[in-house]
Amino acid sequence: MTVRIDKDRCHGCGWTKEALCERICPGNLLFKGEDGKAALRDSRDCWDCAACIKECPRQALKMSLPVQIGGRGSTLTAMKKGHKIVWILTKADGSKELFEIKNEGAV
Ligand code: SF4
Ligand code: SF4
C-alpha cells in the first residue's frame, strides 16, 4: 500500500503556503511540487498511516488496498464530516462502500 496523488483533483491547498497534507504527514514526505500540487518524496518511506488521506479536502489522496481487504484494484479515500470521518472504499468496478467513524483527532 502507499499513497497515490490524483493531480486532477489536487488544488494544492492554494490558500496556504503549506498544504494540509504536507502539514499532517509525520514523515515529512509530502510537499508542494513545482506544479503547485502535492508530491510524495519517496513512497518507500510511507508507512500508510492515512493521516494525509483524512486531511485532504479534495479526496486527491488515495491508498491502494491489498486484494484481501478491498478486492483487486480497490482504493481508499476519506472525507471529513464534522467530528466524523467518512472512509470511502472504491472498488475496481466503480462501486463504493462508505464507513463513517468518529474522528478522534477532531477539536
Ligand atoms: S491536501 Fe489534498 S488538495 Fe491539498 S495539496 Fe494535499 S493532496 Fe492537494
Ligand atoms: S500515509 Fe502517512 S506517512 Fe504516508 S504520506 Fe500520508 S501522512 Fe505521510
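A residue counts as near a molecule or strand if one of its heavy atoms lies within 4 Å of it. This is a predicted model, in which local features need pLDDT of at least 70 and side-chain atom pairs count only at pLDDT 80 or more, while totals for chains, interfaces and linings use all residues. Residues are numbered from 1 along each chain as its sequence is written, chains are lettered from A and ligands numbered from 1 in the order in which they are written, and side-chain values use heavy atoms, with hydrogens and water left out.

**View 1. The residues around ligand 1.**

**View 2. Thr75 in strand 5.** Thr75 belongs to strand 5, residues 75-81, a strand being a DSSP run (E, at least two residues) numbered from the N terminus. With a relative accessible area of 9%, Thr75 is buried, a term that means under 20% (1.4 Å probe, protein chains only).

**View 3. The pairing of strand 5.** Strand 5 pairs in the antiparallel sense with strand 4 (residues 61-64) over two bridges and with strand 6 (residues 84-90) over seven bridges, where pairing requires that DSSP finds at least two bridges between two strands. Met63 has Leu76 of strand 5 as its bridge partner, whereas Ala78 stands opposite Trp87 in strand 6.

Key
Helices (H or I, at least four residues) and strands (E, at least two) are DSSP runs, numbered from the N terminus. Buried means under 20% relative accessible area, exposed over 50%, partly exposed in between (1.4 Å probe, protein chains only).
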